[in-house]
Amino acid sequence: MVDLILTTFDWVPEMPRGYVRDLRVRWALEEAGLPYRVESTPFRDRKAGHFAHQPFGQAPWLTDGDLSIFESGAILLHLGELSDKLMPADRRGRSDAKEWLFAALNSVEMASLPWSLLVFSGENHDTPAWKLFDGFLRQHRLQHLEPVLAGREWLAGTFSVADILMADVLRLVDRFDGLSKYSACRDYVARATARPSFVKAYTEQMAHFAAADAA
Ligand SMILES: N[C@@H](CCC(=O)N[C@@H](CS)C(=O)NCC(=O)O)C(=O)O
């Protein structure tokens, strides 16, 4: 019996495909080799039942038996507790993985998300907002991450949930060429996304949304 159920949208527009955050959860589940199934919730017509699982009406969420968990970071922390393939076994390694997991979300994604939104909306040119967010991401985040990633293969020593989140956050920046001056960040994204579990997660997310088009 499969206790782990990942819920994502039934369909999304082309643009975010391959980047919808259920990919983080698929990737972690694949790395851990945990059995799971994927269910869909309507993208267009979000009902009360959806908001009961995800208060912002977003995706993904994970149910594990009687637990329902939203926020990709919280889901990955939960999965990290289920498998030592996702979290180092030793105390220091676990602490490192947790701090880098939060750094990915709360320090890097908090800078990269507004940057990406400006790119999406075509505002990535000579405006005060673009200069502010582009400078913030580059000078205060990527520039400091660069020597860290040049000096280690994975953030917490061995591959962990922190790498899934950090690589996924940086992958979106890379999509819009934001890593061109940060070769260690780019190489890190390349080695993370070369992992078979990422490739499977990505392929299955793309197939999930393509199936919705076909239907
Ligand atoms: N902080 C949330 C963000 C979730 C999120 O932004 N989900 C996107 C898909 S990647 C979404 O649901 N977008 C539709 C919307 O916000 O209405 C997490 O990491 O789980």
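Okay, let's start at Pro60, which lies in the loop between α2 and β3 (61-64). Helices here (H or I, at least four residues) and strands (E, at least two) are DSSP runs, numbered from the N terminus. A cis peptide bond joins Ala59 and Pro60, with omega at about 5 degrees.

Quick note before I go on: this is a predicted model, where local features need pLDDT of at least 70 and side-chain atom pairs count only at pLDDT 80 or more, while totals for chains, interfaces and linings use all residues. Residues are numbered from 1 along each chain as its sequence is written, and side-chain values use heavy atoms, with hydrogens and water left out.

Now, the ligand. Which residues surround the ligand? They are Phe9, Val20, Arg21, Arg24, Arg46, Gln58, Ala59, Pro60, Glu71 and Ser72, counting a residue as near if one of its heavy atoms lies within 4 Å.

So what about polar contacts, meaning pairs of N or O atoms within 3.5 Å? A ligand oxygen is 2.6 Å from an N or O atom in the side chain of Arg46. For the side chain of Ser72, the distance to a ligand oxygen is also 2.6 Å, and for Arg21 it is 3.1 Å. The protein covers 74% of the 510 Å² of accessible area that the ligand has on its own, by the Shrake-Rupley method with a 1.4 Å probe.

Last topic: aromatic rings. A pair is described by the distance of the centres and the angle of the planes. Rings of Phe, Tyr and Trp (its six-membered ring) pair if their centres lie within 6.5 Å; planes under 30 degrees apart are stacked, over 60 edge-to-face, and the rest tilted. That gives 10 aromatic pairs. Take Trp11 and Phe43: their ring centres are 5.6 Å apart and the planes sit at 70 degrees, so this pair is edge-to-face. Trp11 is in the loop between β1 (4-9) and α1 (22-32), and Phe43 in the loop between β2 (36-41) and α2 (48-53), so the pair ties together parts 32 residues apart in sequence.

Key. A polar contact is a pair of N or O atoms within 3.5 Å; within protein, one must be able to donate a hydrogen and the other to accept it, and residues adjacent in sequence count only if both atoms are side-chain atoms.
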